[in-house]
Amino acid sequence: MGSHIEIEVSTEVANTSISVVTLRGEIDANTQKDIEKKADELISSGTKNLLLDLSHVTYMGSAGLRVLHIIAGKLMGTDDNTAATKFDHLKVLNPSDEVVRIFKTLGFDAYLDSYDDIDDAIKSFS
Amino acid sequence: MSNVKQFLRIDANLVELASVRGFIERTAHEFEVQDEALSDIRLAVDELVTNTILHGYNGAEGRIDIELQFESGTGDFIVILRDQAPIFDPFSNVPQHSVGEKLAQVKAGGYGLQLVQKAMTKSFHSVTESGGNQLTLIRHL
């Protein structure tokens, strides 16, 4: 049986509206397209800010970094993409120690804010 | 001094990735590999198998052989991947991202091979006698 990812979406409102996408399963080259497709649907329907809850992600490889980068680029659009040095409209919640290690290995943590508390994460979007 | 070897042969299909990771986990536990090293080995193999399926075979049918070996004398965990895709050395031109670049200048790709190189003690490509690719990964435990 191949890798599998379940995706749930909810909406939170603080300073702005945020789509919270909870992922359950493994993020690899086989499941990357499912995440990207869901993000595309959300962005097409007006989502401007996205919080990815990684609490239940049991494996993530470079496909995860790639999909985060692609989603962040789509959320930024073309206007501020050229000057941006941070994923302001995409943040992650509760990545595992293993995932954090991958972020740090490639310096991805410099672009992507990560939170342990969902309230802090929600409030961080402006 | 060579110890137990384990083998797995898979079809060149992304649905096999979960099986590959399971194989790595079972074997690593058998060899009593610690968690951080297990994560590194699993990640590196997943990345290279993905690379071979997507870019080596590029949609064509094919197989990938995975051999795992623990050398107790040196304390090295060795992974050998063999395939019959067109000859290509994935380590010949690994893109490097640098922190602080503007995002528009950073491509959303090339992460996998960088992770492999950083996770492994040594990684290199060679050509087998039958004219296939062989990728050797060594992780010192």
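Reader: Which residues lie nearest the centre of the largest pocket?

Author: This is a predicted model, where local features need pLDDT of at least 70, side-chain atom pairs count only at pLDDT 80 or more, and totals for chains, interfaces and linings use all residues. Residues are numbered from 1 along each chain as its sequence is written, chains are lettered from A and ligands numbered from 1 in written order, and side-chain values use heavy atoms, without hydrogens and water. The largest pocket has 30 lining residues, and nearest its centre lie B:Asn51, B:Thr52, B:His55, B:Pro90 and B:Leu113.

Reader: How many nonpolar, polar and charged residues does the lining of the largest pocket have?

Author: Ala, Val, Leu, Ile, Met, Phe, Trp, Tyr, Cys and Pro count as nonpolar, Asp, Glu, Lys and Arg as charged, and the others, Gly among them, as polar. On that scheme the lining holds twelve nonpolar, 13 polar and five charged residues.

Reader: Why is the pair of A:Phe87 and A:Phe108 edge-to-face?

Author: Rings of Phe, Tyr and Trp (its six-membered ring) pair if their centres lie within 6.5 Å; planes under 30 degrees apart count as stacked, over 60 as edge-to-face and the rest as tilted. Over all chains there are seven aromatic pairs. In this one the ring centres are 5.7 Å apart and the planes stand at 70°, so A:Phe87 and A:Phe108 are edge-to-face.

Reader: Is A:Phe108 buried or exposed?

Author: Buried means under 20% relative accessible area, exposed over 50%, and partly exposed in between (1.4 Å probe, protein chains only). With a relative accessible area of 1%, A:Phe108 is buried.

Key:
On a 1 Å grid over the protein atoms alone, a cavity is a set of points where a 1.4 Å probe fits but cannot get out, and a pocket is an open set with protein on both sides within 12 Å along at least five of seven lines; lining residues have an atom within 4 Å of a point.
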